[in-house]
Amino acid sequence: MAHPRSALLNVMTAAAQKAARRLTRDFGEVENLQVSKKGPADFVSNADKKAEDTLVKELQKARPDYGFILEEANNIEGKDSSNTWVIDPLDGTTNFLHGIPHFAISIGLLRDGEPFAGVVYNPITDEMFWAEKGQGAFLNGRRLRVSARAHLSEGLFATGLPFLGKEKDGERFMQRVNAVTTLSAGVRRFGSAALDLAYVAAARYDGYWESGLQAWDIAAGIVLVREAGGFVTDMDGKRKMLENGSVIAATDKMHEPLFNLIK
Ligand code: IPD
Ligand code: CA
Ligand code: CA
Ligand code: CA
């Protein structure tokens, strides 16, 4: 039987589903999208913006006083200063624009500055990941638990490769990849930080690390991993992931060895 979802999560998943309908329509029509560049190799399309508008409208209807931290539009201050949505309307824009069906809508809710609830939705696979603090993490109603694999040698890990405009620590990055690839079952780079975290929660990956991220890439996924029984820190081993945009998320057994390899 599907696990009952809180009113808050119902609001979040319904908003994600609504925004996803637009994304799915646009995904088949990528050549008709207006695409602009925010920086080198940093693209945004009107699909990202339309999806973000839909999310803001739907969430404002349900929780009029909450504020917003948004990837594409200006942030919105809310009357209720303790609740803030952190939204990435399309995580994996590069995949989306290249016709690769691996991207997601990510909706995080910060309560008093801490990740409290998260929804990550891949409209192509129709996988809805959700979690709320203290309530567990779920994928389409099935409870999630991080993997039980105990050794690096059995572990599959994910990361984000640097790219044009984000290549500054390229050499250090390759050293880290080298360290993990030679001791593990492999390293993947699929191109959506939100899904990378969701996949750790779902025991598909044993761990994930990346730096140079923004709060909207990871706010929702952090809740997913924690509620699935995993550990999340930044790359200094602290909990300042949202502030400094680095993250190491892994199972309880894999976090420390992974941290030691890449710190
Ligand atoms: C990107 C993805 C990607 C990560 C980049 C992000 P976007 O987000 O999460 O996996 O490596 O750093 O910017 O721009 O597609 O929303
Ligand atoms: Ca982007
Ligand atoms: Ca993103
Ligand atoms: Ca995005």
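A salt bridge is a side-chain nitrogen of Lys or Arg within 4 Å of a carboxyl oxygen of Asp or Glu. Side chains of opposite charge can pair when their charged atoms come close. The views below show a predicted model, in which local features need pLDDT of at least 70 and side-chain atom pairs count only at pLDDT 80 or more, while totals for chains, interfaces and linings use all residues. Residues are numbered from 1 along each chain as its sequence is written, chains are lettered from A and ligands numbered from 1 in the order in which they are written, and side-chain values use heavy atoms, with hydrogens and water left out.

View 1. Domain 1 brings 38 residues to the contact and domain 2 brings 26 residues, where contact means heavy atoms within 4.5 Å. The area buried between the two domains is about 2,300 Å², and carbon and sulfur atoms give 67% of that area. Buried area here is the accessible area (1.4 Å probe) that two parts lose on being put together, summed over both. Of the area that domain 1 buries against domain 2, His102, Pro115 and Phe129 supply 24%, more than any other three residues. The count of salt bridges between domain 1 and domain 2 is 2.

**View 2. Helix H6, residues 215–227.** Helices (H or I, at least four residues) and strands (E, at least two) are DSSP runs, numbered from the N terminus. The expected span of a helix is 1.5 Å times one less than its number of residues. How many of the residues of H6 are buried? The count is 12 of 13, and among them are Trp216, Ile218, Leu224 and Glu227. Buried means under 20% relative accessible area, exposed over 50%, and partly exposed in between (1.4 Å probe, protein chains only). Just after H6, glycine 229 takes a positive phi of about 95°.

**View 3. Helix H2 and what covers it.** Helix H2 (residues 46–62) has 17 residues and reaches 25 Å from its first C-alpha to its last, close to the expected 24 Å. Its buried residues include Ala47, Ala51, Leu55 and Leu59. An α-helix has 3.6 residues a turn, so residues three or four places apart point the same way. The cover over the buried residues of H2 includes helix H1 (7–27), strand S4 (80–91) and strand S5 (104–111).

**View 4. Lysine 38 and its two glutamate partners.** The structure holds 9 salt bridges. One of them joins lysine 38 to glutamate 71, at 3.1 Å from N to O. Lysine 38 is in strand S1 (residues 35–39) and glutamate 71 in the loop between S3 and S4, 33 residues apart. Lysine 38 also forms a salt bridge with glutamate 72, with the closest N and O atoms 3.0 Å apart. Glutamate 72 lies in the loop between S3 and S4, so this pair ties together parts that are 34 residues apart in sequence. Are lysine 38 and glutamate 72 buried or partly exposed? Lysine 38 counts as partly exposed because its relative accessibility is 39%, whereas glutamate 72 counts as buried at 18%.

**View 5. Arginine 149 and aspartate 206.** The side chains of this pair meet in a salt bridge of 2.8 Å, N to O. Arginine 149 is in the loop between strand S9 (142–143) and strand S10 (156–159), and aspartate 206 is in the loop between helix H5 (193–201) and strand S12 (207–210), 57 residues apart. Arginine 149 is partly exposed, with a relative accessible area of 31%; aspartate 206 is buried, at 0% relative accessibility.

**View 6. The surroundings of serine 246.** Serine 246 sits in the loop between helix H7 (241–244) and strand S14 (247–250). With a relative accessible area of 8%, serine 246 is buried. Not counting residues up to four places away in sequence, serine 246 touches Glu210, Ser211, Thr233, Asp234, Met235 and Met241.
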